[in-house]
Amino acid sequence: MPKKIYLFILIIFASYTGVSAQKTDTLSITLENVKYAYPVKYFGVQTEGQDLRMAYMDIVPQQRANGRTVVLFHGKNFGGYYWTNVIKALTDRGFRVIVPDQIGFGKSSKPFIHYSFHQMARWNKMLLDSLGIQKASILGHSMGGMLATRYALLYPQNVEKLLLENPIGLEDYREFIPYVNTEEQYKTELKATAESVRKYYQTSYFTLWKPEYEELVRIAAGVGYSTDFPRWAKVAAMTFTMIYEQPVVYEFPYLKVPTVLFIGKEDKTIVGKGLLSPEQQVLHGQYKVLGKQTAAKIPGAKLIEFEACGHIPHLEVPTEFLIALLGSL
């Protein structure tokens, strides 16, 4: 075979395998090909004339059941898949653990609706009622912390403890983030790439990047190859608007349940960070300050801080976090 033809065939083959590899990494916007550590079930909800599916995991205690339940609310850029080590630690101690993917996230439906923390809280209450759970401790991370706060404000009688892991919304983003409407944010979401996701996670979420964090990037960026990616991006923009327009920061003093804040002190997360100059960014998202300020607002709140840790203590300092969590329950 002539050398030139042979080289041409090799190039074509390499191109073909490259496309195949890319397609292998393509994720549907409901993460069908992302394997969760425990079986996923679905709870039906209806809103705005639409029938929706809310994915969740219901994991029974692995040791002697203690009769208590912990519910885990994920952050905006995540789903139930990143809670695996927390689930194991809790079920090993006798807790039942419920892990919902909120509507618009993870394996749940991605509808075009008015997104509201009030509505999300109600859906979670309906889910827990359907499972016969009258009272539970609620652990919310990042955006899940805003949702957990709203849930505790709406249903204090059903909350044993409120546990907030580096929640966002500790400051009112409307005071310093320039306003962008949902359509403008949608255009921004469409530009997301693996590189941009990785850079954001590296500069905001973690103090030291580790190879295992690449799985978070793979999932967050993998939906970008889906033909339904525009829907995912529109929903992401809608939930960005929800976070921006529905602060909970002014209601912390009204919480009536025992509350614990778990704060990675090096967290620098700001919702809408890209809309600020570097000089403006350093003035906000400083969790080593925000954690203390927030704990002072919540009656009887306990603050647990983690050194050399960013936005996700349960992944970056798992041993320290799980000891603190179990000790707080």
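Guide: Start with residue classes. Ala, Val, Leu, Ile, Met, Phe, Trp, Tyr, Cys and Pro count as nonpolar, Asp, Glu, Lys and Arg as charged, and the others, Gly among them, as polar. This is a predicted model: local features need pLDDT of at least 70, side-chain atom pairs count only at pLDDT 80 or more, and totals for chains, interfaces and linings use all residues. Residues are numbered from 1 along each chain as its sequence is written, and side-chain values use heavy atoms, without hydrogens and water.

Visitor: How do the residues lining the second largest pocket divide by class?

Guide: First, the term. A pocket is an open set of points on a 1 Å grid over the protein atoms alone, where a 1.4 Å probe fits, with protein on both sides within 12 Å along at least five of seven lines; lining residues have an atom within 4 Å of a point. Here the second largest pocket has seven nonpolar, no polar and four charged lining residues. Among them are Val-34, Lys-35, Tyr-81 and Arg-218.

Visitor: How much space lies in the largest pocket?

Guide: A volume is the space filled by probe spheres set on the points, joined across faces, edges and corners. The largest pocket holds about 1200 Å³. Its lining counts 49 residues; Asn-77, Gln-185, Glu-189, Ala-192 and Tyr-200 are the closest to its centre.

Visitor: Which element gives the most to that lining?

Guide: Helices (H or I, at least four residues) and strands (E, at least two) are DSSP runs, numbered from the N terminus. For the largest pocket, α6 gives the most, with eight residues.
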